[in-house]
Amino acid sequence: MRSIILLLSLIICTPNILAAQMFSVDGEQKVDAHFNSSVHVGYSDVSFEYIGDSPAITGDRSLEMNPSLINIQYHTPGVRIDLIGGNQLIGNDKASFVRLGVELGTESFLLREPRLQIAVPFRVETAITAATKEGYSTRFYQTAFSGGFGGIIKMRPTRFFSLSSGATKWYGFSNSAGNFFGGNTDQFKTETVLHIKPSRGGRGFYISYETLFQDFNIDGMDFDYRSNINLFSIGLDFK
């Protein structure tokens, strides 16, 4: 319950965070600003494996699984909300994997030209990861708080489309069942996005491929797991 309250608090505080990040833009960017949010839908290939030292936790006697799941994302400047799940919807009722994350961030530009931008992103995130499996009594439920930075390059060869690619490295701590401390987590994320705008000032759409590698190193040996997620999605601008 505490984790859900923290997530909702971040979402409620979003307008104040965005207001603090506003800055002047040129004429072409003002046209783009009419569509400053987007929704993305796709699927995710997930590999969830045990990386601890207990020989008793393996195969069916663990939470290891490899589901293909639904992915839904909402993006607005400085904020990203994403949900991975849907085992029941795709007919996999023997195992369940869910990840809900809220990410806040900003960027420091090293180069900012109309056709080429290079930036260093700074990010913070809180994310809930839960996994269960039929016939296995242990339940994985972790809330991670992480921060990270990396690099992004964005190219705009023409007015009608842009291509961006970036990577970020994250470090943080994770806890379960309301405990403040439980262990640490580290992540590595990559993202490549093609944004196409058929007409000037019109609604654009996105084609994205992302990866997320996350290790959980929790006190004890029962919850040391690694998630490897590949996300494919399409998105659409809206006001």
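The largest nonpolar core of this predicted model has 19 residues. Within this core, the residues with the most contacts are Phe48, Phe97, Phe140, Tyr225 and Ile229. Two or more residues of the core come from each of β1, β4 (95-112), β6 (136-158), β9 and β10.

**Strand pairing**

Let us look next at how some of the strands line up. β8 and strand β9 (residues 205-218) are antiparallel partners, with 14 bridges between them.

Is Lys189 buried or exposed? Lys189 sits in strand β8 (residues 183-196) and counts as buried, because its relative accessibility is 13%, under the 20% limit for that class. The Lys189 side chain makes polar contacts with the side chains of two glutamates, Glu103 and Glu125. Beyond four places in sequence, the residues in contact with Lys189 include Gly166, Ala167, Thr168 and Trp170, as well as Thr211 and Leu212.

Ser37 belongs to strand β1 (residues 37-50). Its relative accessibility is 6%, so Ser37 counts as buried too. The side chain of Ser37 has polar contacts with the side chains of Asn36 and Thr76. Leaving out residues up to four places away in sequence, Ser37 touches Tyr74, His75 and Thr76, along with Leu236, Asp237 and Phe238.

| Residue | Partner side chain | Distance |
|---|---|---|
| Lys189 | Glu103 | 3.3 Å |
| Lys189 | Glu125 | 2.9 Å |
| Ser37 | Asn36 | 3.4 Å |
| Ser37 | Thr76 | 2.9 Å |

**An exposed arginine in a loop**

Now for a residue at the other end of the accessibility scale. Arg115 lies in the loop between β4 and β5 (116-133). With 52% relative accessibility, Arg115 counts as exposed, because that class begins over 50%. Which residues does Arg115 touch, not counting those up to four places away in sequence? They are Lys154, Met155, Arg156, Pro157 and Thr158. A polar atom of the Arg115 side chain lies 2.2 Å from the backbone oxygen of Pro157. Arg115 and Arg159 are 44 residues apart in sequence, and their C-alpha atoms are 8.9 Å apart in space.

**Confidence in the model**

Two stretches call for some care. Over residues 1-8 the pLDDT stays under 50, and the model has ten contacts beyond four places in sequence for them. Where pLDDT is low, the predicted coordinates should not be read in detail.

Definitions and conventions
Residues numbered from 1 in each chain as written. Predicted model: local features only at pLDDT ≥ 70, side-chain atom pairs only at ≥ 80, totals over all residues. Heavy atoms only, no water. Helix = DSSP H or I, 4+ residues; strand = E, 2+ residues; numbered from the N terminus. Buried < 20%, exposed > 50% of the residue type's maximum accessible area, 1.4 Å probe, protein only. Polar contact = N/O pair within 3.5 Å; in protein donor to acceptor, adjacent residues only side chain to side chain. Contact = heavy atoms within 4.5 Å. Pairing = 2+ DSSP bridges. Core = buried A, V, L, I, M, F, W, Y, C linked by side-chain atoms within 4.5 Å. pLDDT = per-residue confidence, 0-100.
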